[in-house]
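Morning, everyone. Let's take a quick look at one chain and some of its contacts. Here is the picture.

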Amino acid sequence: MRWLIPVLLAFTFLPFILLGKFSGSEFYTDVSHYADGVGNRTVQQVLQKQWHTDVVSNINIGFSDQSHWFYFELPDGLLQLNEPVIVEIDFPTIDYLSLYLIDQNDRVVERYHTGAALPFNTRPIWSENFVFALRADAHANRVLPHSIKL
């Protein structure tokens, strides 16, 4: 795994900054946010919602009991290596975190459910932060993190 995508967070769950450290390349992406006041929406329902895109450094939702969804697409340059893409969420106090890899037909290709309130062995990669190795490709390049209780 030559690629590391740290998702750096300031105070909460965002901003996401995607970085590739191979051959001096760096990748960044826009992040969209949707606050789910109801808290029980499915992945397919959320994908149909109006997403709000912020400048990476401007997203700050504070600590919240609300359900928050985030959306970003992996840069094409990362997908051409046919290697797992590492996504790190650097906010270890999220109580419940789900992360979904979505394909072009809005189907969930990979899903993870973890969080600070769950046993440590629910983390796919053992780390203080939440780290995921995604098998993304040109047909499945959309990432949808969902958090409850930041």
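Which side chain meets Arg-41 in a salt bridge? Asp-36 does, with 3.2 Å from N to O. Keep in mind that this is a predicted model.

Now check the surroundings of that pair. Arg-41 is partly exposed, at 25% relative accessible area. Asp-36 has a relative accessibility of 1%. Buried means under 20%, so Asp-36 counts as buried.

Next, strand β2, residues 31–36. Five of its six residues are buried, so the strand is mostly covered. Who is its partner? Strand β4, residues 67–73, is joined to β2 by five bridges. The two strands run antiparallel.

How many salt bridges does the count give? Three. You have seen one of them, Arg-41 with Asp-36.

Another joins the side chains of Arg-107 and Asp-103, at 3.1 Å from N to O. Asp-103 is buried, with 8% relative accessible area.

Then there is Asp-106 with Arg-142. Their closest N and O atoms are 2.5 Å apart. This pair links distant parts of the chain, 36 residues apart. Asp-106 sits in the loop between β6 and β7. Arg-142 belongs to strand β9, residues 142–148.

Arg-142 is buried, at 13% relative accessible area.

That's my tour. Over to you.

Definitions and conventions
Residues are numbered from 1 along each chain as its sequence is written. This is a predicted model: local features need pLDDT of at least 70, side-chain atom pairs count only at pLDDT 80 or more; totals for chains, interfaces and linings use all residues. Side-chain values use heavy atoms; hydrogens and water are left out. Buried means under 20% relative accessible area, exposed over 50%, partly exposed in between (1.4 Å probe, protein chains only). Helices (H or I, at least four residues) and strands (E, at least two) are DSSP runs, numbered from the N terminus. Two strands pair if DSSP finds at least two bridges between them. A salt bridge is a side-chain nitrogen of Lys or Arg within 4 Å of a carboxyl oxygen of Asp or Glu.
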